[in-house]
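Work through the exercises below with the model open. Each task is followed by a stepwise solution.

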Amino acid sequence: MSLFVPAELKYSKEHEWVKADGKTATVGITHHAQDQLGDVVYVDLPAVGKEFAAMQEFGVVESVKSVSSLYCPVGGKVVEVNTALNDKPQLVNDGPYAEGWMIKLEVKIPAELSSLLTAEEYKKLIEKK
Amino acid sequence: MNYIPHTDGDRERMLKTIGVNSLAALFQDVPEKVKLKKPFSLPSPLSEPELHANLLAASQKNTSPAFLGGGSYSHFIPSVVKQLVSRSEFYTAYTPYQAELSQGMLQVIYEYQTLLCSLTGMDVANASLYDGATALAEACFLACRVTGRKEILVSAALHPEYRKVLKTYVEGAGLRLKEVPFTVEGKTERPDKYLSAESACFALQQPNFFGCIESVGGLAETVHAQGALLVASADPISLGILAAPGKYGADVVVGEGQALGNPVAFGGPGLGIFAAKKEYLRQLPGRIVGLTTDQEGRRGFCLTLQTREQHIRREKAASNICTNEALAALAATLYLSVMGKAGLRKVAELCVQKTNYLRHALTPLKKLVFSTPSFKELVIKSEHKIGLDLSLYYPEFPSCRLISLTELTGKEALDELIKKLSH
């Protein structure tokens with residue numbers, strides 16, 4: 001099993017990654033998550049402007065064999081969604097940390113970012129499984 | 001032949017196993033006052049020919065048409081429908097469990113979905129649900145999921161039994177139901193002042209329970225302006241002549257499909273029609289059959305988008321009912337294929353003509369309750385036990401009957417009815 005976990009990102013226990021850039025946070029699912037899901041065929045993303053609390057469900061990702069909920073690692077307002085996933089959901093498999101990103105949030109409480117898992121901690125979490 | 005499988009010895013053994021002395025002791029929790037303390041007073045058994053003669057004699061007591069409708073309708077069923085429905089290859093109540101092995105059945109369901117889409121003006125249809133009532137409830141649930149809202153607006157002129165089923169669904173799901181009243185003309189009020197930012201949908205029946213044709217012009221715009229969905233419960237036969245709900249902007253179309261090639265029987269089985277716009281595809285309840293190609297590039301049919309369904313999505317499934325009415329859907333498919341566009345239109349026209357014939361005769365007699373034009377039903381004032389007693393559902397209409405007519409209602413029967421009502 002591949003353990004591709006970029007060191008510069010933060011992670012949730014539900015297998016989302018977060019890249020913080022000032023007040024904006026980009027969110028996607030990890031390499032491990034897409035590997036477990038298999039071929040992604042559909043990603044249901046929220047509308048821009050919608051607000052979510054930390055760990056609230058913001059969408060669903062559907063693969064050929066299952067459907068999983070997507071959780072917002074930190075609370076905030078959606079400022080951008082990756083519309084490329086509408087036509088090419090497989091981008092989540094091809095580049096989970098790059099062109100497969102899902103939403104960009106305006107972070108409400110920056111302190112929530114520090115409560116997320118570090119790359120090391122997340123690695124341990126998926127190794128245990 | 002003995003139709004009761006258990007012998008006295010069987011019963012004794014079962015009682016012994018569970019440690020109960022007698023059958024009476026087993027039923028001791030049943031209150032005394034509801035127990036039948038005498039033997040059933042059944043007539044002595046009849047041989048099959050005797051029974052046949054007996055039932056035939058009873059059926060011949062039905063001298064005039066009952067004019068019963070209210071959701072189940074007697075339409076002509078071409079022999080070919082009955083013949084093909086009875087073929088053993090098709091004779092199943094559900095989608096087969098090893099679905100893809102039954103390519104013929106899946107093809108029928110796929111064609112059923114296609115026919116329903118063209119009939120309703122929608123983009124996608126499922127493989128059917130139980131009946132018109134549960135299909136309506138599922139449509140309202142879909143609207144609540146899509147909008148994230150909890151209030152369902154429903155026309156008070158929508159089938160009272162459907163609204164009852166909807167109420168049962170709503171109670172468990174923590175949703176709210178609000179009714180939009182109807183006018184003295186028998187049409188649902190415009191929902192404008194009832195709609196709010198909390199409304200998930202507005203559901204109305206076309207034609208409504210009284211048979212009246214609702215005004216739908218501009219309705220979808222009003223509903224959409226509040227961010228709600230328009231749910232239409234339609235009589236599929238009426239779509240031979242009335243606008244497809246997709247044409248007037250409905251988002252979800254449901255209905256009772258019994259009238260399409262299925263007999264009235266004793267009010268069932270029904271056929272729950274469910275079709276929607278493409279954007280709600282992933283929120284559709286039930287099964288969907290898709291067209292695909294196999295490894296060798298040959299055309300094939302398969303169940304598709306199953307990640308909506310309960311065996312994969314568990315508690316987050318779009319619906320917890322995946323049962324379809326495969327046999328009734330097959331009858332509907334055959335019926336629509338045999339009738340064709342022109343045939344269905346003819347049936348619908350005949351319904352309207354007969355209804356108008358009766359309407360014109362009854363207008364001078366001042367027997368009509370509603371002035372709105374109707375499709376194949378009329379509410380009349382009468383003490384005669386004909387049609388459906390409307391006061392069962394609407395106590396505010398005592399001595400009113402819902403009269404149903406189809407292409408099968410003959411002119412003699414209508415004239416006889418008019419004569420009866422003239423006195």
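**Exercise 1. Find the angle and axis distance for helix H5 (residues 103-120) and helix H10 (residues 326-362) of chain B, then classify the packing.**

Step 1. The two helices pack at about 60°, and their axes are 9 Å apart. Axes are lines fitted to C-alpha atoms, for helices over the stretch in contact, and angles run from 0 to 180 degrees between N-to-C directions. Helices (H or I, at least four residues) and strands (E, at least two) are DSSP runs, numbered from the N terminus.

Step 2. H5(B) and H10(B) are therefore oblique to each other. Angles under 35 degrees count as roughly parallel, over 145 as roughly antiparallel, 65 to 115 as roughly perpendicular and the rest as oblique.

Step 3. H5(B) and H10(B) cross in a left-handed sense. A crossing is left-handed if the near helix is turned anticlockwise from the far one by less than a right angle, and right-handed if clockwise.

Step 4. From H5(B) come B:Met105, B:Val108, B:Ile109, B:Glu111, B:Tyr112 and B:Leu115; they meet B:Ala326, B:Ala329, B:Leu330, B:Ala332, B:Thr333 and B:Leu336 of H10(B). The contact residues split into 10 nonpolar, 1 polar and 1 charged. Contact requires C-beta atoms, placed from the backbone, within 7 Å. Ala, Val, Leu, Ile, Met, Phe, Trp, Tyr, Cys and Pro count as nonpolar, Asp, Glu, Lys and Arg as charged, and the others, Gly among them, as polar.

A note on the source: this is a predicted model, where local features need pLDDT of at least 70, side-chain atom pairs count only at pLDDT 80 or more, and totals for chains, interfaces and linings use all residues. Residues are numbered from 1 along each chain as its sequence is written, while chains are lettered from A and ligands numbered from 1 in the order in which they are written.

**Exercise 2. Compare the span of H10(B) with that of a straight helix of 37 residues, and locate the kink.**

Step 1. The straight helix would span 54 Å at 1.5 Å a residue. The expected span is 1.5 Å times one less than the number of residues.

Step 2. Between its end C-alpha atoms, H10(B) spans only 41 Å.

Step 3. A kink of about 95° is centred on B:Gly340. The bend at a residue is the angle between axes fitted to the seven residues ending there and the seven starting there.

**Exercise 3. Describe how H10(B) packs with helix H11 (residues 411-422) of chain B.**

Step 1. The angle is about 25° and the axes are 11 Å apart. That makes H10(B) roughly parallel to H11(B).

Step 2. The crossing of this pair is right-handed.

Step 3. B:Lys354, B:Tyr357, B:Leu358, B:Ala361 and B:Leu362 of H10(B) meet B:Leu414, B:Ile418 and B:Leu421 of H11(B). The tally is 7 nonpolar, no polar and 1 charged.

Notes
Two residues are in contact if their C-beta atoms, placed from the backbone, lie within 7 Å.
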